[in-house]
Amino acid sequence: MIDFNRILCPIDFSEYSDHALKYAMKMASWYGASLHVLHVLPPVPPATVSPLAEAGRQLTARNLVAAVARWQE
């Protein structure tokens with residue numbers, strides 16, 4: 001039998017990735033594995049770093065927390 005210790009679930013906040021996250025959470029629970037949820041932002045050139053870019057990162061962080069909270073038991 002395969003034994004999973006860590007599961008990586010990349011998400012893009014779409015309906016499809018929401019289903020994938022739900023499935024990954026069930027798998028992590030079943031195997032007693034740690035689950036890592038990932039969302040990648042496009043790179044921002046250093047010259048364009050601004051409060052607006054920081055606000056976007058904070059919004060993404062809140063969305064990640066909300067996505068995981070939807071499927072937690």
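Biologist: Is Leu8 buried or exposed?
Modeller: Leu8 counts as exposed, because its relative accessibility is 55%. Buried means under 20% relative accessible area, exposed means over 50%, and partly exposed is in between, with a 1.4 Å probe and protein chains only. One caution on the source: this is a predicted model, where local features need pLDDT of at least 70, side-chain atom pairs count only at pLDDT 80 or more, and totals for chains, interfaces and linings use all residues. Residues are numbered from 1 along each chain as its sequence is written, and side-chain values use heavy atoms, leaving out hydrogens and water.

Biologist: Where does Leu8 lie?
Modeller: Leu8 lies in strand 1, residues 6-10. Strands (E, at least two residues) and helices (H or I, at least four) are DSSP runs, numbered from the N terminus.

Biologist: Which residues make the nonpolar surface patch?
Modeller: Leu8, Leu38 and Val40 make a patch of about 290 Å². Patch residues have over 30% relative accessible area and no salt bridge; nonpolar side chains (Val, Leu, Ile, Met, Phe, Trp, Tyr) are joined within 5 Å, like charges within 9 Å. Accessible areas come from the Shrake-Rupley method with a 1.4 Å probe, and for residues only the protein chains shown count as cover.

Biologist: New topic. How many salt bridges does the structure hold?
Modeller: The structure holds 2 salt bridges. A salt bridge is a side-chain nitrogen of Lys or Arg within 4 Å of a carboxyl oxygen of Asp or Glu.

Biologist: What does Arg70 pair with?
Modeller: Arg70 forms a salt bridge with Asp18, and the closest N and O atoms are 3.1 Å apart. That pair links distant parts of the chain: Arg70 is in helix 2 and Asp18 in helix 1, 52 residues apart.

Biologist: And which residue forms a salt bridge with Glu54?
Modeller: That is Arg57, with the closest N and O atoms 2.9 Å apart. Glu54 is found in helix 2, residues 51-71. Glu54 and Arg57 are 3 residues apart in that helix, so about one helical turn separates them. Glu54 is partly exposed at 34%. Arg57 is partly exposed too, at 33%.

Biologist: Let's switch to rings. How many aromatic pairs are there?
Modeller: The structure holds 1 aromatic pair. The ring centres of Phe4 and Tyr31 are 4.9 Å apart and the planes are at 75 degrees, so the pair is edge-to-face. Rings of Phe, Tyr and Trp (its six-membered ring) pair if their centres lie within 6.5 Å; planes under 30 degrees apart are stacked, over 60 edge-to-face, and the rest tilted.

Biologist: Where do Phe4 and Tyr31 sit in the chain?
Modeller: Phe4 is in the segment before strand 1 and Tyr31 is in helix 1, 27 residues apart. Phe4 is partly exposed at 29%. Tyr31 is partly exposed at 25%.

Biologist: What about Ser17, buried or exposed?
Modeller: Ser17 is buried, with a relative accessible area of 9%. Ser17 is found in helix 1, residues 15-31.

Biologist: What does the Ser17 side chain join up with?
Modeller: A polar contact of 3.0 Å joins the side chains of Ser17 and Asp12. A polar contact is a pair of N or O atoms within 3.5 Å; within protein, one must be able to donate a hydrogen and the other to accept it, and residues adjacent in sequence count only if both atoms are side-chain atoms.
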